[in-house]
Amino acid sequence: MRIDGQALLLRVYVGETDRHAGHPLYVAIAHLLRERGLAGATVLRGVEGFGRTARQRATRPSNLSDDLSIVIEVVDEEARIRAVLPELDAMIGRGLITLAPVEVIVYRSPEEDQP
């Protein structure tokens, strides 16, 4: 797969304890994205932040949270991202989904010939 030029950045924000079909929601989302053939996904664990409820979440011992923020990021062609949005919406009970235009400069896998 090759991505050049304009693409979309999809970010999905959920809680670490959110579940879907008996699995952590972030795991279920990553599996869905892979099954749908998106270019790749990265799951990031937040170290500190707050959301709509303004409840502080942090990894510091004095404020250890059992529900840290998780962000799933994907960069791919607009049509591929938009095709998966209805399924993501159905999976997420609470959270946030954002899209932002990005310009892809380099997207290579180790298997590709490099100039």
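Which residue forms a salt bridge with Glu78? The partner is Arg82, and the closest N and O atoms are 2.8 Å apart. The model is a predicted one. Both residues sit in helix α2, 4 residues apart, or about one turn of the helix. Glu78 is partly exposed, at 44% relative accessibility. Arg82 is partly exposed as well, at 43%. Shared partners also build a salt-bridge network from Glu35, Arg36 and Glu87.

## Other salt bridges

The whole structure holds 7 salt bridges. One of them pairs Arg11 with Glu73, with the closest N and O atoms 2.7 Å apart. This pair ties together distant parts of the chain: Arg11 lies in strand β1 and Glu73 in strand β7, 62 residues apart. Arg11 has a relative accessible area of 28%, and Glu73 has 24%. Because buried means under 20%, neither value counts as buried.

Arg36 bridges to Glu35, with the closest N and O atoms 3.7 Å apart. Arg36 is partly exposed at 40%, whereas Glu35 is exposed at 59%.

## The nonpolar core

The largest nonpolar core has 19 residues. Those touching the most other members are Leu10, Val12, Val14, Ile29, Leu33, Ile72 and Leu88. Two or more core residues come from each of β1, α1, β7 and α2. Beyond its sequence neighbours up to four places away, Val12 touches several residues, including Ile29, Ile72 and Leu88.

## A buried aspartate

Asp18 lies in the loop between β1 and β2. Asp18 counts as buried because its relative accessibility is 10%, under the 20% cut-off. Its side chain makes a polar contact of 2.7 Å with the side chain of Arg94.

Key: Residues are numbered from 1 along each chain as its sequence is written. This is a predicted model: local features need pLDDT of at least 70, side-chain atom pairs count only at pLDDT 80 or more; totals for chains, interfaces and linings use all residues. Side-chain values use heavy atoms; hydrogens and water are left out. Buried means under 20% relative accessible area, exposed over 50%, partly exposed in between (1.4 Å probe, protein chains only). A polar contact is a pair of N or O atoms within 3.5 Å; within protein, one must be able to donate a hydrogen and the other to accept it, and residues adjacent in sequence count only if both atoms are side-chain atoms. A nonpolar core is a set of buried Ala, Val, Leu, Ile, Met, Phe, Trp, Tyr and Cys residues joined through side-chain atoms within 4.5 Å. Contact means heavy atoms within 4.5 Å. A salt bridge is a side-chain nitrogen of Lys or Arg within 4 Å of a carboxyl oxygen of Asp or Glu.
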